[in-house]
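The sequence and the model come next, followed by the description.

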Amino acid sequence: MKVLQSVIFGYVFTASILMGHCVPQTISTSSPQTVESVIGFDSAPDTVVDGSLVHVRYQCSRPCRLAVEVVVSTLRKTDLVIFRRKWTSGTSRGYKLRQVPLRLPPSILYQQNIFNRRVLDAQNGTVCAWLEHLDDGSENGTSNDSMLRVYKALLMKPLSERPAKPPTECPSWSAQLMWRMTRNRMYQCPHESDIIDILKFPLASTGEPFGVVRRFQPFIHRTLEGTRLHAVTQPSATLSAWIYLLKRCHKRRCGIIHHVDGRNVYESVLIQLADTGDIMIQARVTTGEDEAFRTSEVLPLRKWIRLDCYIQDSKVLLDVTWDGVRRRYVHEFQDSIHLDDTDGYFVIGGGRFMPGITGYFGPIKYYRFGTEKVDNPLHLKSTLQEVDRTHQECQQIKEFTRDFLQEATESHLLSPIDKGVCTAQFTRLWGQVGEKICTQTWTWEQQLKYSTLFNFLQSAVEENITGYLGIKNLRSAMFKQAVGTMFTVNQNRITFNSTALLQVSSCLGNHKASLLLATIHLSGLGHSVDQQQGHVYSLIGAMGDNHLALMHAGYKHAQGIDGFPKDLDMAYSYYSNAGAQSVSDSSRTHEDEQYTPEHVYLSNEEDLYRTTQETSDVFHFLKFKAERGDAESQYRLGAMLYSGQHGVSKDIVNAMKWFERSAMKDPSAMYDYSILLIKGQGVKRNTTRGFQLLKKAAAMGSINALNGLGWYHGIVLNDHKNAVKYFEQAALNGSEDGMFNLGIYHLSGVNPDSPRRNESAAFQLFLHASRLGHAAASVEAAWYLSAGSLEGVSQDAERAVIMLKKVCEQNGHLGFMIREALQAYLQGSWQEAFVKYVLAAETGLGLAQSNAAHLCEELNPSHDCQWRYHNFSILNYNPHPYALLKMGDYYCSSSAREEGSLSSVGQAVSMYGRAALAGSPQGMFNLAVLAQQGHVLPWSLHVIFNVSHRDQQEIVVEKILQRCVETEDKEALSPCALALFGVQMGKALRMMTQNSTQLVLAYASLLSVFVVTLIVPLQSCLEQRVGTQRAVVPRARSSSASQDGVNLNREQDGIMGRTNRAPGNLWLTILNGAQWIRPTGDFAVTLSGVCLCVFWTTLLYIISYDLTYPAQ
């Protein structure tokens, strides 16, 4: 036994000696026959010192990349890399040693002073070395992704013990003074509260997995954050939420509030609604297990219910209150509850893994440190109370309609006195024997209250239209009639009437009516503005899962307009639902009520002219070319008929004929036709021929066909290996469908070659595909951006909303409404066009907003209707230049009315500047006009037009006009070209006056113009008078000689001679003067012409020089 103990002791002693000489290292699990990959520290510093050396001992079994990093953590950030040095190494048979000097930033080494103003108060630090193989496919590796890594903790010096940074330069006196005044200032932490209003504005929940995501951040204040961290395993928190149920949960459980941690696993706390109508609460305890309990009370429908959940260590207390009565449930778990509210995210309603309730959420408060008394009242006359009142009234309307339809179905007789009402109960005493009395179940008061609905139902029964009395047909007919009677156009002016029938249509489930009612109340169309009622009908429409109403609610929250608070998380909730519907609808674009939205602006005559009809020359010419065998025309004609482009009605049968004829010549047409064959859309399904055409199209170079082959192998043949191969080929060639499908394989983990889920790779593929316009990829990428749950992806709700808004605006049903509005406008039905453009405009579609503003300008329905929609249009992320120009004109006119208001002029400059940035020549021209008037342009526009702050006003105007001329059509003479010519002429004239010689030339030119103006008319006048005298004098001579026939005597001859000599002398005088003036005038005109030629030559030279060498 002693021998055995001695052997064991010797073995342990020897092992300890050997381990004492070994360095800390990480060894791979390679087989004994191969070289191992090893990395470790031979020596490393214990404290953070600049220039200290780290010796790394390593060995690579194959080419590898190595790195040394220094990572620190502060109160606000963790794993902050302050130093990194990488190098590569080939395969080695022995150990290698690398010496790495640490070069650390001043923010971690020195105190804060004038030379080192930004410092890091690091709490801890680590030096890390890692190794990864180059053939693993990663390009920019990190320590988290590496195969082998080794760490060593570093001692961090507190701020007070750090040395001062030595000066590198002499600061100015003012900088030293400012530093001395502010260096000892105590910076106070911003106010932080443990009470968080998770939800302030009501939220509509459709019972689907589209809720509001909220993330909570650690406290900035150290004491508060320390208290929160301590409460993770001993929590004291309270949640208070108002809910309003319209339906029972259609799944086993529906989410009210649930918490998902960073690993996408449910955390504490989950409040759910069971399918039986009671509440279930689930929590994770400190042992890592999940426990739950449920109440025994069934929650009522159509009542506001408050849920107060108190969490105290291992105990949960739930108060459920409605109609002023509180019901309390207490449950204690076996262990303490684990609650870290900064880990992951919370969801109100439905999330990615759970549907939500069907109804509404009211105010929700979260007390992070708990409370004994919850302050979360439901205020009277609030939007929540109006929602309840409206639903109660709608319930009565539904019952009244149901009773009437039942009466109509059973064919009970109406009163012989008045067919409009049923016989009252007391008339039974007066009735004749055998007379049938109406057995109505509604009261006389109800019939009077809902007289509009009753009259409509009565007329529907009298018309006796087959199938007309179904609820779906009934509410659609009500909406159509309500719009026709409520909006009327008289002398190009729209007027408004009662909205009673529209309210009934909304109650019966037509949520276009809900959206129109919300629009009327929010915009004041024919009524006074009532934001509360507008919010109520917005919520009702969104809860009804109407695509347009969801877009409307999302748009209002994204912009924070019409009384909706700006909340991007709530906007994402609505947009994600509408985006999912758009993706689903995109697979049914061949349906009659789906069209691709086409951007036709009513204010643009060219857009209206390009709208193609079946009777247009463009359509007939395209059809003529297609019939002559032109493959491109056949494909374009088929696509036009299939999707109904450019105003052409859908004709799937003829579209398939043209697709089939073009498929044999064009690979793109062949791909489209093969997909239609496989899916059986518009043609009899033929998967065999479709697959053959897919392979042929891929062989002809169609990238989409590669994606189609992947889809066929994965879905039809269940061959995932070949499916991934084709998807990869398509993705590498730029196919957005290929990228999306490959991302789905990464997300699902069904790839045989890579069976693990890789959400990071999937997200990157989704993001790339979304940039190319893929709708489904945009929806997937937006979810990761909204939740921020993926490592390396921060929460960015704004970007997610922008992506989803673009997807929603491509929805086929929205395109159908836009098409109907355009057709109504072209046919002269401006009333219908106005209503449909306004409905689309309320969803945030910029095209519809511009067209609605145009119709508002034509019809003048209210004072600010036009500016409301122009203003909405410019709030979009990519507004149309036309709206920006209109708003710029509006601000310019406002400044004129306000006698040069600087704020209005500044707004006008901003609008014109945005239009100019969008490439609008008119915007550039207007900017040049304002700059010429002396208004200062913002710095952002200086960069665009290459303008310096030292440039004079004339140069600024010239540069803007030059950019405008470059943007415009060079073949046409544009206003910018004329204005630029005028500016350059004025500039050239001013340059000429600065030189004495050129100034003399300018004055000589002016004198020349005066001489030419004087001499030329004088010469013309004299020539005219001389010609007249030449004709008069001969006539006088012939007249005097013919009086006596002959000269009788000399005296008479003398007399006559004297009488004729006077005109002759005058004639000679004038003739001699004319002969003298003519050469003098010719000389003066010639000299003036020379002066003018020299002047204009000099002027044109200056202009051409200025054009060749413009001012920089």
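Four strands form an open sheet in the order 5-4-7-8, paired in the antiparallel sense. Strands here are DSSP runs of E with at least two residues, helices are runs of H or I with at least four residues, and both are numbered from the N terminus. Two strands count as paired if DSSP finds at least two bridges between them. Strand 5 (80–89) and strand 8 (148–154) stand at the edges with a single partner strand each, so one side of each has no neighbour in the sheet. On average, neighbouring strands of this sheet are turned by 15° against each other, direction ignored; the axes behind such angles are lines fitted to C-alpha atoms. Strand 4 (residues 64–73) and strand 7 (residues 124–133) are joined in the antiparallel sense over 10 bridges. Val70 has Val127 in strand 7 as its bridge partner.

The model is predicted: local features need pLDDT of at least 70, side-chain atom pairs count only at pLDDT 80 or more, and totals for chains, interfaces and linings use all residues. Residues are numbered from 1 along each chain as its sequence is written, and side-chain values use heavy atoms, with hydrogens and water left out.

The largest nonpolar core holds 165 residues, and Ile256, Tyr360 and Tyr837 have the most contacts inside it. Such a core is a set of buried Ala, Val, Leu, Ile, Met, Phe, Trp, Tyr and Cys residues joined through side-chain atoms within 4.5 Å. Buried means under 20% relative accessible area, exposed means over 50%, and partly exposed lies in between (1.4 Å probe, protein chains only). A second, separate core of 33 residues includes Leu622, Leu637, Ala639 and Ala655. Beyond its neighbours within four places in sequence, Ile256 has contacts (heavy atoms within 4.5 Å) with residues including Ile243, Leu307, Val347 and Phe361.

There are 32 salt bridges in the structure. A salt bridge is a side-chain nitrogen of Lys or Arg within 4 Å of a carboxyl oxygen of Asp or Glu.

| Salt bridge | N to O distance |
|---|---|
| Asp341 and Arg228 | 3.5 Å |
| Arg263 and Asp261 | 3.4 Å |
| Glu759 and Arg757 | 3.9 Å |

Asp341 lies in the loop between strand 19 (325–332) and strand 20 (345–348), while Arg228 is in helix 4 (residues 222–230), 113 residues apart. Both Asp341 and Arg228 are buried. Arg263 counts as exposed because its relative accessibility is 62%, whereas Asp261 is buried at 2%. Glu759 is buried, with a relative accessible area of 18%. Shared partners join the salt bridges of Glu225, Arg228, Asp340, Asp341 and Arg368 into one network.

The whole structure contains 23 aromatic pairs. Rings of Phe, Tyr and Trp (its six-membered ring) pair if their centres lie within 6.5 Å; planes under 30 degrees apart count as stacked, over 60 as edge-to-face and the rest as tilted. Phe216 and Phe346 have ring centres 5.1 Å apart and planes at 45°, so this pair is tilted. Both of these residues, Phe216 and Phe346, are buried. Phe763 and Tyr784 form an edge-to-face pair, 5.7 Å centre to centre with 70° between the planes. Phe763 lies in helix 23 (residues 759–771) and Tyr784 in helix 24, so the pair ties together parts 21 residues apart in sequence. Tyr345, Phe763, Trp783 and Tyr784 make up one aromatic cluster.

How values were computed:
Axes fitted to C-alpha atoms, helices over the stretch in contact; angles between N-to-C directions.
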